[in-house]
Amino acid sequence: MRGICDIVWAMEGDPVTDVLTLASARCVRIGTLKGGGTWALKFPPPQKIKLTAVVKGTCWLAVDGERAPLRLETGDVFVVPAERSYVLASDLKATQIDGLALFTKAADNVATIGDVKDLFAIGGHVSLDPDRGGVLADVLPPVIHVDASSPEASTIRWLLDQLVKEVTTNQPGVGLASKQLAQLLFVQIIRFYLASSNTVTTGWLRALNDERIAPALRLMHGEPSRAWRGRFPACHQ
């Protein structure tokens with residue numbers, strides 16, 4: 001029993017956990033999009049971090065300020081953490097309609113456009129504390145794209161499958177369960193981003209991805225009251 005408690009205590013010293021807790025990152029809303037044919041939805045800069053997973057079909061994502069649009073395939077997940085407008089579309093040349101208005105009028109948070117046979121996507125919003133959320137939001141890129149074909153995406157696909165089951169079967173407690181799963185999905189995306197060493201370039205995220213610095217940070221977060229100085233044994237071979 002003591003060994004299990006020691007493991008749990010050590011996990012509480014994890015820097016990413018500490019930052020997510022400090023920023024009060026939590027999923028506050030889940031919605032789905034079903035589309036077909038030719039369509040394009042224009043969304044204003046999200047007030048919260050936007051997370052979307054493509055369950056079925058393909059579409060394009062164009063984020064304001066980014067050079068090239070992303071082609072999203074089945075199983076892909078994207079996060080738009082910065083306050084930038086974006087377009088989600090089957091055809092980027094199609095006439096754009098107001099995506100926010102479409103979801104505002106949607107019944108049971110299920111928005112539809114076209115014949116709804118081609119695309120099924122699940123989206124969520126992750127809220128951050130208005131005063132402390134910047135510790136996370138300020139170091140994330142304008143868009144994070146998790147390719148379904150990447151080996152690291154296996155856990156994300158599992159979470160996505162569970163989330164789909166929740167929102168499609170409407171079992172008791174679906175609201176709480178779906179939000180918790182979406183929050184776990186967000187944590188896994190942060191892990192994926194950290195593992196992509198070629199993308200992490202600034203801020204404390206870079207330190208967490210450094211083979212020499214990261215172990216020291218974990219030790220310091222595990223014992224914040226200790227006067228750390230000198231060599232960190234766990235950080236040396």
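The points below go through a predicted model, from the whole protein down to single residues.

1. Overall make-up. The secondary structure of the protein comes to eight helices and eleven strands. Buried residues account for 43% of the 237 residues in the protein. Of the contacts in the protein with a separation of 6 or more, 75% are between residues 24 or more positions apart.

2. The five-stranded sheet. Five strands make an open sheet, and reading across it their order is β5-β4-β7-β2-β8. The pairing in this sheet is mixed. At the edges are β5 (70-72) and β8 (97-98), each of which pairs on one side only. As background, strands of a sheet pair through backbone hydrogen bonds, and the pairing may be parallel or antiparallel.

3. Strand β4 (residues 59-63) and strand β7 (residues 86-89) run antiparallel and are joined by four bridges. To find this pairing in the structure, look for V63, which stands opposite Y86 in β7.

4. G65 counts as exposed because its relative accessibility is 62%, and the cut-off for exposed is over 50%. G65 and R84 are 19 residues apart along the chain, yet their C-alpha atoms are separated by 7.9 Å.

5. The partners of β1. How does β1 pair with β10, parallel or antiparallel? The sense is antiparallel, and the pairing runs over nine bridges. With strand β9 (residues 110-113), β1 pairs in the parallel sense over four bridges.

6. T52 lies in strand β3. Is T52 buried or exposed? T52 counts as buried because its relative accessibility is 7%, and buried means under 20%. Leaving aside neighbours within four places in sequence, T52 is in contact with D76, V77, F78, A121, I122 and G123.

7. The largest pocket. The space in the largest pocket is about 440 Å³. This pocket is lined by 26 residues, and those closest to its centre are F43, K50, Y86, L100 and H125. The elements that give two or more residues to the lining are β1 (26-35), β3 (49-56), β7, α3 (99-104) and β10 (119-127). Which element gives the largest share of the lining? That element is β1, with six residues. Sorted by class, the lining has 14 nonpolar, nine polar and three charged residues. Y86, one of the residues closest to the pocket centre, is also the residue opposite V63 in the sheet of point 2.

8. Helix α6. This helix covers residues 174-195, which is 22 residues. From its first C-alpha to its last, α6 reaches 31 Å, close to the 32 Å expected at 1.5 Å a residue. Which residues of α6 are buried? They are V174, S178, L181, A182, L185, F186, Q188, I189, I190, F192, Y193 and L194.

Terms used. Residues are numbered from 1 along each chain as its sequence is written. This is a predicted model: local features need pLDDT of at least 70, side-chain atom pairs count only at pLDDT 80 or more; totals for chains, interfaces and linings use all residues. Side-chain values use heavy atoms; hydrogens and water are left out. Two strands pair if DSSP finds at least two bridges between them. On a 1 Å grid over the protein atoms alone, a cavity is a set of points where a 1.4 Å probe fits but cannot get out, and a pocket is an open set with protein on both sides within 12 Å along at least five of seven lines; lining residues have an atom within 4 Å of a point. Grid points are joined across faces, edges and corners, and a volume is the space filled by probe spheres set on the points. Ala, Val, Leu, Ile, Met, Phe, Trp, Tyr, Cys and Pro count as nonpolar, Asp, Glu, Lys and Arg as charged, and the others, Gly among them, as polar. Buried means under 20% relative accessible area, exposed over 50%, partly exposed in between (1.4 Å probe, protein chains only). Contact means heavy atoms within 4.5 Å. The expected span of a helix is 1.5 Å times one less than its number of residues.
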